[in-house]
Amino acid sequence: MSKSANIAAAGHALWANTPKVNTELFALTYGSLITEILRDYDQDISEVNVQLERIGHSIGVRCVDELLAKSEVNGINIPMCRDLRETAEVIAKIGFRMFLGVNCDVGKLTDKSFSLYLSENPLNIFVELPSMSEDEGGSGPDWNQLKYSNIYCGVIRGALEQVNLKVECSFVRDVLRGDEVNEIRVNVKEVLAEGAGEDYHEE
C-alpha cells in the first residue's frame, strides 16, 4: 500500500472511532456563532473574517495533540511527514476526515504552497448569502466579502504552527460566492525553530 493510501486509511479509521455530532446541529450551531460575531462587531465583515480566523487558530493549536492522542489510543499509525506534499495529504485525508468526516483533495502543490479542495462543507449547509445589502440605499455590509468558513484557515494555521510551520491561509474560492468548489490556499512563510506556537497555553 502506498504512503498516500496509508494516510487515507488512517483518516477513515480515526473517523470511524470518533464520536459523531449531528450534521444539522453542527451547522446551526456554527451559524449561531456567525450571527453573534456579526452582532458583536456591528456587521463589520472584515473584522468578522479576522475573528473567525482567530477562533480557528485557538482550535487548531490543540488539534494536533488530539489527533496524536486518538491515534495512539486506537492503535492507528500516523505516517511521519517528510515533505510539504505529505503534510498537505495528512491535513486533507486525516485532519478533515477525522474532525469533519468530509473528503478533501490536495492540488496546486509547489515547494512552498498548496491548495485544499472541499467538495462538501458541513459548515455552510442551509446557508445562502444575501446577493446585496437588504438595507435601504445599499449602505449595509457587502456580504460577498464574508468568508463564512474562515475558521478553517485559522485551524490549519494553528495546527501547522504546532509542527513548526508558519503559514498564511486563505479562502480563494467559496461555493457560497458562486464558485464550483471550496478552495483553501496555504502558503508556507517560515519553518519555525521552536515547537509549540506562542499562542498555545494550557488552560
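**View 1. β3 and β4 pair in this predicted model.** In the bridging between these strands, Val167 has Val188 of β4 as its partner. Eight bridges join β3 to β4. The two strands run antiparallel.

**View 2. β2 meets β4 on one side of the pairing and β1 in another.** Six bridges link β2 and β4, in the antiparallel sense. Val106 finds its bridge partner in Leu116 of β2.

**View 3. Four strands form an open sheet.** Strands of a sheet pair through backbone hydrogen bonds, either parallel or antiparallel. In this sheet the pairing is antiparallel, and the order reads β1-β2-β4-β3. The edge strands are β1 (104–107) and β3 (165–173). Each of these edge strands pairs on one side only. On average, neighbouring strands are turned by 25 degrees against each other, direction ignored.

**View 4. Helix α4 packs on the sheet.** Another helix, α5, lies across β2, β3 and β4. α5 runs at about 160 degrees to β3.

**View 5. Helices α3 and α4 cross.** Two packed helices are described by the angle between their axes and the distance between the axes. For α3 and α4, the axes come within 11 Å. They cross at roughly 85 degrees. The two helices are therefore roughly perpendicular to each other. From α3, the contact uses Cys63, Glu66, Leu67 and Lys70. From α4 come Ile94, Met98 and Phe99. By class, this contact has five nonpolar residues, two charged and no polar ones.

**View 6. The largest pocket has a volume of about 1,300 Å³.** Rolling a probe the size of a water molecule over the atoms shows where empty space is left. In this pocket, 44 residues form the lining. Closest to the centre are Cys63, Gly95, Phe96, Phe99 and Val155. Which elements give two or more residues to the lining of the largest pocket? They are α2 (23–40), α3 (45–73), α4 (84–100) and α5 (151–161). The largest share comes from α4, with eight residues. The lining divides into 33 nonpolar, seven polar and four charged residues. Two residues named here, Cys63 and Phe99, also take part in the contact of α3 with α4.

**View 7. The second largest pocket holds about 150 Å³ of space.** Which residues line the second largest pocket? The lining includes Gly31, Ile34, Thr35 and Leu38. Also in the lining are Phe126, Val127, Glu128 and Leu129. Trp143, Leu146 and Tyr148 complete the list. By class, eight of the lining residues are nonpolar, two are polar and one is charged.

Methods: Residues are numbered from 1 along each chain as its sequence is written. This is a predicted model: local features need pLDDT of at least 70, side-chain atom pairs count only at pLDDT 80 or more; totals for chains, interfaces and linings use all residues. Side-chain values use heavy atoms; hydrogens and water are left out. On a 1 Å grid over the protein atoms alone, a cavity is a set of points where a 1.4 Å probe fits but cannot get out, and a pocket is an open set with protein on both sides within 12 Å along at least five of seven lines; lining residues have an atom within 4 Å of a point. Grid points are joined across faces, edges and corners, and a volume is the space filled by probe spheres set on the points. Ala, Val, Leu, Ile, Met, Phe, Trp, Tyr, Cys and Pro count as nonpolar, Asp, Glu, Lys and Arg as charged, and the others, Gly among them, as polar. Two strands pair if DSSP finds at least two bridges between them. Axes are lines fitted to C-alpha atoms, for helices over the stretch in contact, and angles run from 0 to 180 degrees between N-to-C directions. Contact means heavy atoms within 4.5 Å. Angles under 35 degrees count as roughly parallel, over 145 as roughly antiparallel, 65 to 115 as roughly perpendicular and the rest as oblique.
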